[in-house]
Structure formats: structure tokens, C-alpha cells
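This report describes one protein structure in words. It should be read with the sequence and the 3D view at hand.

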Amino acid sequence: MKRFTLLVACLLALTSLSASAQAYLKDELSAESFKPLTITTPDGVLTGYGFINPLSYRDIVYTATAPTGEKVKDWKLIKDIVDAKIYDTDTISLVPIGLGKSGKIKVLCFFMFENDQFKLYESSSDLMLGSFFIQPKNISDPQPAYKLLVIRNQGTFKKFTKKSLSSCPALVSAVAAGQYEANLDGLIQLLNDHQEQCPEAAW
């Protein structure tokens with residue numbers, strides 16, 4: 001029930017923020033926020049400058065030309081995103097991931113890690129701190145395509161591991177026993193051990 005309540009709260013908040021995002025973004029935005037990027041959409045690839053919309057976390061504030069002053073006026077929101085790369089100190093790869101059963105409400109997520117079995121993404125939303133999504137690589141047309149792991153603390157790590165990685169009970173027990181830290185390093189180690197110990201586990 002707590003897991004359901006958490007997800008519903010995030011969905012409602014993201015829906016509300018997304019609906020009002022255009023209205024609350026200022027007409028002139030700081031040029032410092034705009035970073036070089038590429039955005040893949042269903043219609044092709046856009047190159048330019050921009051950043052994740054901090055009011056919705058599901059679209060990107062975009063301008064095609066490099067900022068020349070302190071403010072940017074000719075920006076727009078790109079909402080229909082397949083994937084994106086932001087070229088800051090490091091290259092940041094983003095994909096939209098659908099939340100809930102319908103997947104209609106999406107959040108942009110950072111690509112964090114992959115091994116031969118999984119890809120790992122982290123939510124960009126401040127409303128979903130510590131929320132990660134795992135995607136299998138060796139299963140055709142998995143349903144759902146992603147599973148959620150929340151590692152805000154050891155308690156949520158245990159609960160979501162039991163739900164999302166139930167086909168590998170040895171690792172579920174190991175997480176319950178505190179053998180993995182509730183952080184990104186611990187999660188990566190868990191996924192590597194899953195690949196080694198449960199390579200044929202059902203999704």
C-alpha cells in the first residue's frame with residue numbers, strides 16, 4: 001500500500017507540474033542554464049542548447065542557437081522525446097520512462113549503468129529522489145519494460161528489491177540481511193551479482 005501511495009503521489013504531482021510548466025517558466029531564462037545537447041524526437045534529431053524542465057522533469061527547454069547574452073528569449077519546450085544527450089562536464093544520456101501501468105505520464109531519467117543483463121536509469125525528478133528503473137536486455141518485449149527500485153534508505157531498498165527482483169530469492173535475502181548498501185554503488189553491485197547468480201531469471 002505504501003508503494004502504491006508513493007507512486008500515485010508522484011504521478012499526481014508530476015501531472016500538475018507538467019500542466020503548469022509553460023505558464024510558470026519565465027519568458028527570459030538564464031543563459032547559463034543552457035547546455036549543448038541533441039534531442040531525438042519521432043520526427044528527427046534536434047541540435048542546440050537546453051536543459052531539463054525543472055517544473056515537470058518530462059520535457060526539455062530548448063533553443064536552436066547558442067546563447068549570446070545573459071538571457072534567452074527564443075526558447076521552447078520539447079515534449080515528444082525519444083532520447084537526449086546533454087554535453088556538460090560529462091555527457092548526460094536521458095530517456096523518458098513511463099510511470100504506472102499506463103505509462104502515459106513520463107519522467108526523464110539519467111542513464112547510469114549497464115551490464116549484459118540490465119540497463120539502469122535514475123529519475124531526474126526531485127519528487128522521486130532515490131528512484132531507479134531497471135530494464136532487462138535479454139528478454140524480448142518484457143512487460144513491464146522497466147521495474148522500479150527505490151533506495152532512499154535500507155527499508156525502501158529491501159521492499160522494492162523483494163518486489164522487482166523476486167525471481168532471484170538469494171539476492172532478495174541478501175538485501176534483507178543488509179549485505180548491500182542503499183546507494184548507487186550497492187545497486188550496481190546487486191545488478192552485477194544478479195547477472196552472475198541468476199542469469200536466466202524470469203523478468
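## Helix 2 and its cap

Asn153 caps the N-terminal end of helix 2, with a side-chain oxygen 3.0 Å from the backbone nitrogen of Gly155. Such a polar contact is a pair of N or O atoms within 3.5 Å; within protein, one must be able to donate a hydrogen and the other to accept it, and residues adjacent in sequence count only if both atoms are side-chain atoms. The model is a predicted one, in which local features need pLDDT of at least 70 and side-chain atom pairs count only at pLDDT 80 or more, while totals for chains, interfaces and linings use all residues. Residues are numbered from 1 along each chain as its sequence is written, and side-chain values use heavy atoms, with hydrogens and water left out.

Helix 2 covers residues 154-164, and its buried residues are Thr156, Phe157, Phe160, Thr161 and Ser164. These residues cover an arc of only 125° around the axis, which puts them on the same side of helix 2. The arc is that of the directions from the helix axis to the C-beta atoms. On the other side of helix 2, Lys159, Lys162 and Lys163 are exposed. Buried means under 20% relative accessible area, exposed over 50%, and partly exposed in between (1.4 Å probe, protein chains only). An α-helix has 3.6 residues a turn, so residues three or four places apart point the same way.

## The chain as a whole

The protein chain has 4 helices and 12 strands. Helices (H or I, at least four residues) and strands (E, at least two) are DSSP runs, numbered from the N terminus. Of the 203 residues in the protein chain, 43% are buried. The accessible surface of the protein chain comes to about 11100 Å², and 52% of this belongs to carbon and sulfur atoms; the areas come from the Shrake-Rupley method with a 1.4 Å probe, and for residues only the protein chains shown count as cover. Contact means heavy atoms within 4.5 Å. Among contacts in the protein chain between residues at least 6 apart in sequence, 47% join residues at least 24 apart.

## Aromatic pairs

A search of the whole structure finds 3 aromatic pairs. In one of them, the rings of Phe34 and Phe51 have their centres 5.0 Å apart and their planes at 80°, so the pair is edge-to-face. Rings of Phe, Tyr and Trp (its six-membered ring) pair if their centres lie within 6.5 Å; planes under 30 degrees apart count as stacked, over 60 as edge-to-face and the rest as tilted. Phe34 lies in the loop between strand 1 (29-30) and strand 2 (35-41) and Phe51 in strand 3 (residues 44-52), so the pair ties together parts that are 17 residues apart in sequence. Both Phe34 and Phe51 are buried.

Another edge-to-face pair is formed by Phe111 and Tyr121, with ring centres 5.7 Å apart and planes at 65°. This pair links distant parts of the chain, Phe111 in strand 9 and Tyr121 in strand 10, 10 residues apart. Phe111 is partly exposed at 33% relative accessibility, whereas Tyr121 is buried at 6%. Phe111, Tyr121 and Tyr146 form one aromatic cluster.

## Salt bridges

The structure holds 2 salt bridges. A salt bridge is a side-chain nitrogen of Lys or Arg within 4 Å of a carboxyl oxygen of Asp or Glu.

| Salt bridge | N to O distance |
|---|---|
| Lys73 and Glu28 | 3.5 Å |
| Glu114 and Lys137 | 2.8 Å |

Glu114 lies in strand 9 and Lys137 in the loop between strand 11 (131-136) and strand 12 (147-150), so that the pair links distant parts of the chain, 23 residues apart. Glu114 is partly exposed, with a relative accessible area of 39%, and Lys137 is partly exposed at 38%.

## Around Asn115

Asn115 is placed in the loop between strand 9 (105-114) and strand 10 (118-123). At 9% relative accessibility, Asn115 counts as buried. Its side chain reaches the backbone nitrogen of Phe118 at 2.7 Å. Leaving aside neighbours within four places in sequence, Asn115 is in contact with Lys137, Leu191, Asn192 and Gln195.
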